[in-house]
Amino acid sequence: MLVRPASLATWPPRIHDLFGQEGPLVLEVGFGDGRFTAELAQAHPHWLILGAEVSAASVLRAYRRLRREGIGNVRLYHGQGPFALRNLVPPRSLRRVIVNFPDPWPKKRHQKKRLLQEGFFRRLSTRLGEGGDLLLTTDHEEYFRFALEEAERTRLYRVEVKDPPEAHLRTKYALKWQEAGRTFFHAVFTKVAEDPMPWPPIRRYPVAHALLKGNLPEKLVLVKAPVVVPGGVAVFLEVARGEEGFYVLTHVEEEDLTQGLLLEVRKSTKGIYAGVSRFGSPLITDGVRGAVQALVRELERMGLEVVQDHT
Ligand SMILES: C[S@@+](CC[C@H](N)C(=O)[O-])C[C@H]1O[C@@H](n2cnc3c(N)ncnc32)[C@H](O)[C@@H]1O
């Protein structure tokens with residue numbers, strides 16, 4: 001039921017591999033506790049519903065609910081909606097995207113964090129099928145107007161403002177805001193054209209490691225500060241000593257993707273290995289390679305010499 005992007009080796013992804021069946025594909029971004037997702041799946045058992053949610057606690061709650069209710073036509077991705085859209089959804093394959101009560105980010109300086117922006121609508125048009133749509137329901141009028149303007153700027157959608165469907169008013173946040181007496185806003189954005197810029201999946205690599213000549217250092221001290229890597233930043237959070245060498249707990253943040261992973265510096269039969277540990281099966285992206293390169297530079301500074309570079 002949980003989608004691991006690392007296990008999806010092919011592009012475009014095969015929806016049948018993910019769901020074990022064919023059907024109209026629907027993406028819900030920010031499903032929260034999953035009660036709407038479960039209701040939608042039960043109302044449309046032939047729909048294939050992919051949910052994306054950044055909160056781990058919410059993913060767990062929704063996962064338990066879907067298990068409890070024996071629902072088989074939902075797959076959950078723990079991470080950013082745009083990442084799921086870009087990497088898990090084949091071009092022109094989506095019937096519908098549902099966004100219920102997205103975080104409004106009301107402060108001007110936070111507006112760039114909003115999901116429904118011009119760039120998102122443009123990219124979405126490459127994943128929606130003909131006549132595919134996005135349904136937005138919110139209690140936040142200013143964000144609602146913002147989303148309408150952003151979509152209209154692309155000229156890729158027909159936008160209709162309507163009353164929200166009943167089911168969209170039974171989400172956790174809908175009930176909360178009903179109690180508070182708030183008004184609801186709803187719009188349907190139907191794709192009428194496609195952005196000419198394709199949106200290829202994130203670039204991935206099979207390996208990121210180097211072999212070095214020299215002695216394994218007695219101590220490995222890495223500064224806990226952001227290092228600029230291609231497309232993002234990496235931080236070495238903590239170093240732990242293992243039997244064979246060191247493990248470096250590393251955080252890599254790239255567009256729509258945040259990964260925690262382990263790097264290793266250890267003795268191998270061919271010298272000192274510095275690279276990504278298999279633990280957690282991280283995606284080897286440009287940012288992860290950048291983190292390994294930064295680690296290798298530190299080791300060079302300590303006197304080791306690179307003999308093979310696969311970073
Ligand atoms: C205000 S809550 C609404 C939850 C649910 N849709 C409801 O109506 O009860 C917004 C949800 O979106 C999630 N979220 C915010 N940004 C996201 C993103 N970029 N991708 C996926 N989920 C996101 C948050 O973690 C949160 O659970």
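Strands β10 and β11 form a hairpin with three residues between them. Strands here are DSSP runs (E, at least two residues) and helices are runs of H or I with at least four residues, numbered from the N terminus. Welcome to this predicted model, in which local features need pLDDT of at least 70, side-chain atom pairs count only at pLDDT 80 or more, and totals for chains, interfaces and linings use all residues. Residues are numbered from 1 along each chain as its sequence is written, and side-chain values use heavy atoms, leaving out hydrogens and water.

Nine bridges join β10 (residues 232-241) to the antiparallel β11 (residues 245-254); strands pair if DSSP finds at least two bridges between them. A234 has V252 as its bridge partner in β11. Ten bridges then link β11 to β12 (residues 257-268), again antiparallel, and F246 stands opposite V265 in β12. In the hairpin of β11 and β12, with two residues between the strands, D256 takes a positive phi near 60°.

Now to the charges. The structure holds 21 salt bridges, each a side-chain nitrogen of Lys or Arg within 4 Å of a carboxyl oxygen of Asp or Glu. Here are some of them:

| Pair | N to O distance |
|---|---|
| R122 and D195 | 3.0 Å |
| E255 and R123 | 3.2 Å |
| E160 and R158 | 3.9 Å |

E255 lies in the loop between β11 and β12 and R123 in helix α5, so their pair ties together parts 132 residues apart in sequence. D195 counts as buried at 11% relative accessibility, while R122 is partly exposed at 25% (buried is under 20% relative accessible area, exposed over 50%, partly exposed in between, with a 1.4 Å probe and protein chains only).
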